[in-house]
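Hi,

Here is the structure I promised to pass on to you. Have a look at it first, and then read my notes below.

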Amino acid sequence: MNASLIAGAVLNGLVTGMLYALMGVGLSLILGLLNIPNFAHGVLYALGAYVMFSATKAFGFLGGALAALVAVAAVGAVIEYLGVRRLYRVHPDYILLLTFGLSLILTETLILVWGPVGITSQPPALLAGGVDLGVTVYPKYRLAVMTVTGALVLACYLFVTRTRYGAIIRAGIEDKDMAAALGIDIRRVFTLTFAAGAGLAGLGGALMIPVRGLQTTMGIDILPFAFVVVVLGGLGSLPGAILAGLLVGVVQSLMTALWAPGADVSVFALMTLGIIARPQGLLGER
Amino acid sequence: MSDGAISRDPILRTERLTCDFGALRAVSGVSLSVERGTLHSVIGPNGSGKTTLFNLISGETRPTDGRVYFEGRDVTGRPSHDLPHLGLARCFQRTNVFPKLSAYENVWVAAFARRTPGAFGFLRRASDFSPVDAEARRILGEVGLAHKLPARAETLSHGESRALEVGVTLASSPRLVLLDEPTQGLAPEATQHMTRLVQGLVGRYTILLIEHKMRIVMSISNRISVMAFGEVIAEGTPDEVRENRDVQRAYLGGRR
Amino acid sequence: MFHGPRGALLRLALLIAAIVLLPLFVRPVVASEIWIFAIAAMALNLIFGYTGMLSFGQATFFGLGAYTAGLMMIRWHAPLLAVLAGGTLVGALGAAAVGYVCIQRVGTYFIMLTFGFNQMFYFIAYKWTAVTGGDDGLPGIPRPPLSVGPLSIPLESSTRYYVFVATTFLLAFYAMKRIVDSPLGVIFQSIRENPVRAAAIGYDVKRFKWIAFTIAGAFTGCAGVLYSMMFGIVPLESISWIVSGDIVFMVLIGGIGNLYGPLLGAAAFKWLSEAISVVWERWPLILGVALVLVVLFLRGGLVEAFTRLRDAFGGPGARREPGETLPQRVRAESEATP
C-alpha cells in the first residue's frame, strides 16, 4: 500500500464521485419535484453513452457530447409529457412502475440497435495520455472529466439556488399547488426539470465512455448507486446529493484498492449506517 | 397517580406548552387545566393554534418547550400511538379515517387496538372477537351510523363522515376525548345531531372541544379557554368569557 | 355469486381445479414455477396491497431461501422438510433485518432502500463464489424425497414435484388467508389507508410494518426453497433485481390487494414469459411495454379486467375488495337491506 496507489484510488474515487454526484443531482431534482424514484435514470445514463458513441463519429467529441445531452433530454421530456404526466393524480407508485417499464424497453432497445457486446473507446487525442502529479501519474482525460463534471454539478447547484428559474423549481418542490396558484406553469417546470435531470444523466454517461466503456447493463448497474447517493444525501437536497456522491465514489474506490470484493457492498453498508444514524440523510431535513 | 379513589386533580394539564415551526410560534406558553368529567372548550380565530395545541397533547407534534400531564403522568413527547392506551383519544378537524375500509371496520380496528390479545390472539379470525364486534356496533349505533356498517368510509356523506370520525375516536375507550371541530362543514340539522351527540358524551367522558360555532360552545361548555396568536388570552365559564374585553377584541366584535 | 360462505367454497374449488388442470395446459415445470412465484407474489401483495409498502427487493429473500436450501442440501444432506423450514426461516430473518432499516423511511425512500439492499445481497452473492458459486450459480442440488416418519416419497419426476409444489402452495395460501382474515389483515389495511390515524388509535405503525415485511420475507424464502429444487441449481439471477421486478409485475398485473390477484398475475406472467421468450430473446421489451400499458390504462390489473368482463356480461360483479373482512353476518345483513 503505497502513496501512489492511494492517490490513484482517491482520484478515481473523485472521478466516480463526481459522476455519482451528477447522477444524484439529476435524480434528486426529479425525486424532489415528482416524488418518484426514476427507475429509468440509469438507462438514460446508458442511452447518453451510446448516443455519444455513434454521434462522435459524425460530429466529433464535443458534437457527440452535445448530441447526447440533447437527445437524452428530449427523451426525458417525452417520457414526462406522454407518460409520467398522466399519473400525477394517481398514486406515485405507478409512476415508479412506469419508469421501470421504460427502463426495460430502453435497455432492450439499446441491445437491438447497438448489439449486446460491450464497447470500449479511447479519449480524444487532445486529452490522451497522463499527467505527472508528483505522487502519481494520472490520466489526463480523467482529470478533465472530473473537472468538467464538477463544474456541471456546481453550475446546477448555482442555477437551482441562485437563479429565478431555480427558485421556481424549488418552489415547485416545496409546494406544487401553491406554485401553480401563483401562476407558475408548473407543468412546464415539471417537463423541463425531468428533461434536465435526464440530460445530465445522459451527459454523464457520454463523458464517462473512455473511463467506463459501454455495456448494455451499464444503466441498471449504476442505478442502485444513484439511489444510494440520493438516499444518503437527503431528500431534495442538492448539496446532500453532491456530498453523498463524492463520499460514495471515494469509499467505493478506496475499497476497490484495499479489498476489491467488498467495494460494492461497502457502498450499501455506508447507506445502511447513514439511514440508521441519520434517517433524514446527510444534509436533508426532517 | 390514582390510588383508586376518583382523583380531584385535573385529568389534563399543560404547562407552558410551546411550539415553534421555524420562525413561526404556533403555540406560546399555553398552560391549560381540564377537570375530569367536564366539557372544556377551546375557541379562537383561525390560526390561533388550537389544532396545533391538540397535536401537542396527542403526540402528533413534539413541543418545543413545556409539558403535558395526563392523569398526573408526564406524557410530553410520547408517540401518538401510546396515548389511546393511556386513556386519551382525539379526532381530527379534517376527517381522517380509513377511506377504503367500511364504517364497521373503521371502528372495529380502533376498538381492537385497545383489546389487543397476546401474540396468539392474532391467530384467530377477526370475526371471532365478539366483544370487539359488540363494541363496534354499539359505537356506530351511538353516532348514528348503524345503517351504514358495510359502507366504505369514502362513500359516506360529509355528515356521516364526521360521525364516523367521532366514532373512531370513541372506539378507543378513552377517558379524555379531544374533539377537533366535530361540526365542521355540517348543515344546521346535522350540526344539531352532532351537538346532541357530544352532549350525550358528557359525564361518561371528559371532553376537550375545539369549536367555532359560538352558540354551541356557550350552551354546552363548563369552561372555555380562548386562544389568539398561540396564547390563551382568557379562560373561565361561558358567562365570564362572554363579558371579557380581550375576547371581544380578539374576535373584533364578530360572532361566528 | 362469490359472496358469503358458499362463495368462499366456490373460490376454493376453483383454485383446486386450477391446480389440477394447469399441467394440462403447460408443462409441469412451468406449472410448478407458476405456483412458486404465486407464493412470492402473495407475499408482496401482503406488504403492498394490504399494507401499502411497495418493495422492489423481494428477490433478496427469494434468493436467501434458495441459497439456504441449496447449501443445506449440498453440505448437510438435510431432509426436505428441514430444508423448507430452514429457507423459510432465513427468509424471515433476512426480512426482519432488512425490514428494520427500510421501514424507517416511507414511500419513495422505502422503495429505493429495498432496491438498494437487494443490490447489496446480489453483489455479495456475486462475489462470494465459495459459497454461492457467483455468476455460475450453485449447482448440484438434489431433490430429496419427502419423508414423514416411515413414509418416503421420491420427487424426482416433474409431475411428482409439481404435486409437492402445489400442495405447499395450498398450505401457504391457507396460511396467508388466515393472516389476512386475522386482525392483522385489517390493521395492515388501516396502515395503508391512513398511517397517521392508525397510530392515533394506538397502533405502533413501524412495528406492524416490520411484522408484515418479515412475514412476507418468510413466504418469499419458502418460494425460494421450492425454486432451488426446480432445476437443481440456484442461478445468480434468483437474487437479482430482475426477479424483484418480475414479482412486482405479477402483483400489479394480477390486481393489487386482492388475495387471488397475485395468483392470476403469476400465472399470466410466467405463461407469457415462457411463450414469448421461446420465440424472441428480447422478451423484456414486451414485458416493459405491457407494464407501461397496464400502468397507464389498466391499473386494476387482470382482476379488474375480469370484473369488467363479467359485468359486461350482466353478472353481479365478482368483486373482492380489500375491505371485505366483515364477519359473515354483517355482509348478509347488508345484502338483505333494500
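**What I found**

Start in chain B, where Ala228(B) stands opposite Glu231(B), a residue of strand β11(B). Helices (H or I, at least four residues) and strands (E, at least two) are DSSP runs, numbered from the N terminus. Ala228(B) is in β10 (residues 223–228), which pairs with β11(B) in the antiparallel sense over five bridges; two strands pair if DSSP finds at least two bridges between them.

Before going on: this is a predicted model, in which local features need pLDDT of at least 70 and side-chain atom pairs count only at pLDDT 80 or more, while totals for chains, interfaces and linings use all residues. Residues are numbered from 1 along each chain as its sequence is written, and chains are lettered from A and ligands numbered from 1 in the order in which they are written.

**The sheet in chain B**

Which strands make up the open sheet, and in what order? There are six, running β7-β8-β9-β4-β10-β11, with mixed pairing. On average, neighbouring strands are turned by 15 degrees against each other, direction ignored. (Axes are lines fitted to C-alpha atoms, for helices over the stretch in contact, and angles run from 0 to 180 degrees between N-to-C directions.)

Helix α1 (residues 50–58) of chain B packs on this sheet and touches β4, β7, β8, β9 and β10 of chain B. Its direction makes about 150 degrees with that of β8(B). Residues are in contact if their C-beta atoms, placed from the backbone, lie within 7 Å.

**Two domains in chain B**

Chain B is divided into domain 1 (1–87 + 175–256) and domain 2 (96–173), with bounds from an automatic or database domain assignment. Their centres, taken over C-alpha atoms, are 25 Å apart. Each domain gives eleven residues to the contact. On the domain 1 side, α6(B) supplies the largest share, four residues.

**Chain C against chain A**

How many residues of chain C are in contact with chain A? The count is 32, in contact with 35 residues of chain A. The largest share of the chain C side, 14 residues, comes from α5(C). As for chain C itself, there are 15 helices and two strands in it.

Happy browsing!

Technical notes
Two residues are in contact if their C-beta atoms, placed from the backbone, lie within 7 Å.
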